[in-house]
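Trainee: Let's go through this model by question and answer. Please show it first.

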Amino acid sequence: MPTTDKPVIHTARKAAVTTITISRPEARNALNVAVLTGMADAMEAAEADGETQVIVLTGGADTFSAGADIDMLSGQTAASYVTSPNRFGFERIRDSRLPVIAAVSGFCLGGGCEIALAADIVIASDTAVFGQPEINLGIIPGAGGTQLWGERAGRGMQAEAAMRGEFVDAYAARRAGLVDRVVPKEALLGATATEAEHLARKAPLALRAVKSAMRARWRMSAVAALDHEVALMANLLASSDAGEGITAFLEKRQPDFTGN
């Protein structure tokens with residue numbers, strides 16, 4: 001792929017929503033070290049800024065990401081992959097404590113697909129195409145792809161995607177549960193912004209807690225995850241936001257959440 005000195009990650013915050021955009025149009029937003037580390041750094045900055053409540057990941061209106069830059073893959077060895085910044089870039093995205101929405105248009109393949117499916121909500125344009133074609137290169141999805149398809153769409157579709165390397169369009173992905181909504185291409189970024197703004201109006205502590213509870217099953221047994229949920233609920237009941245939410249409901253008004 002051609003090299004460039006142009007920024008490959010653009011970040012913009014509007015109120016409580018930070019949008020992180022992959023910008024390598026000449027390479028169909030292929031993932032390289034600069035993209036993955038830049039995206040991870042942008043997510044870390046958004047979590048630390050004290051204002052962001054929701055993160056949007058996108059590649060813009062045309063292409064989400066066609067997958068890993070093959071030049072990057074060709075230089076990997078068994079030892080280097082395990083400790084590579086690329087691998088930790090994916091983990092940083094999966095481990096975000098804030099809700100993440102992926103706005104997907106065009107190709108969403110390989111590592112790009114793994115980024116999108118690690119999000120909490122996936123909104124796709126009618127041009128989106130999802131796939132895990134790594135098998136055709138003699139490798140496998142190595143950044144969550146063998147798990148994330150199955151979690152959203154079941155093991156049957158997981159096996160078909162990973163073993164056959166075939167693509168699915170936006171509507172098939174919606175029917176299977178890979179994506180949450182399909183909209184016209186020209187409406188994608190607006191629809192995603194509306195969804196992000198809607199989430200950002202929710203109680204911040206509760207929003208983060210529900211994500212923590214949902215992701216607990218990745219690291220804990222079912223019993224431990226249920227205990228984690230109870231602990232989160234108990235902590236929330238002691239928060240000012242919970243008191244405000246209950247009072248506002250009883251008074252038939254909109255709550256004024258402060259994140260405390």
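The questions below cover a helix pair, the nonpolar cores and one glutamate.

Mentor: Ground rules: this is a predicted model, where local features need pLDDT of at least 70, side-chain atom pairs count only at pLDDT 80 or more, and totals for chains, interfaces and linings use all residues. Residues are numbered from 1 along each chain as its sequence is written, and side-chain values use heavy atoms, with hydrogens and water left out.

Trainee: How are H10 and H11 oriented to each other, roughly parallel or roughly antiparallel?

Mentor: Helices are DSSP runs (H or I, at least four residues), numbered from the N terminus. H10 (residues 204-215) and H11 (residues 222-237) pack at about 170 degrees, axes 9 Å apart. Axes are lines fitted to C-alpha atoms over the stretch in contact, and angles run from 0 to 180 degrees between N-to-C directions. Angles over 145 degrees count as roughly antiparallel, under 35 as roughly parallel, so H10 and H11 are roughly antiparallel.

Trainee: Which residues in H11 meet H10?

Mentor: Contact means heavy atoms within 4.5 Å. From H10 come Leu205, Ala206, Ala209, Ser212 and Ala213; they meet His228, Leu232 and Leu236.

Trainee: How many residues has the largest nonpolar core?

Mentor: Such a core joins buried (under 20% relative accessible area, 1.4 Å probe, protein chains only) Ala, Val, Leu, Ile, Met, Phe, Trp, Tyr and Cys residues through side-chain atoms within 4.5 Å. Leu57, Val104, Ile115, Phe130 and Trp149 have the most contacts inside the largest one, and its residue count is 41.

Trainee: Is Glu244 buried or exposed?

Mentor: Glu244 lies in helix H12 (residues 240-250). A polar atom of its side chain is 2.8 Å from the backbone nitrogen of Asp256. With a relative accessible area of 17%, Glu244 is buried.

Technical notes. Helix = DSSP H or I, 4+ residues; strand = E, 2+ residues; numbered from the N terminus. Parallel < 35°, antiparallel > 145°, perpendicular 65-115°, else oblique. Buried < 20%, exposed > 50% of the residue type's maximum accessible area, 1.4 Å probe, protein only. Polar contact = N/O pair within 3.5 Å; in protein donor to acceptor, adjacent residues only side chain to side chain.
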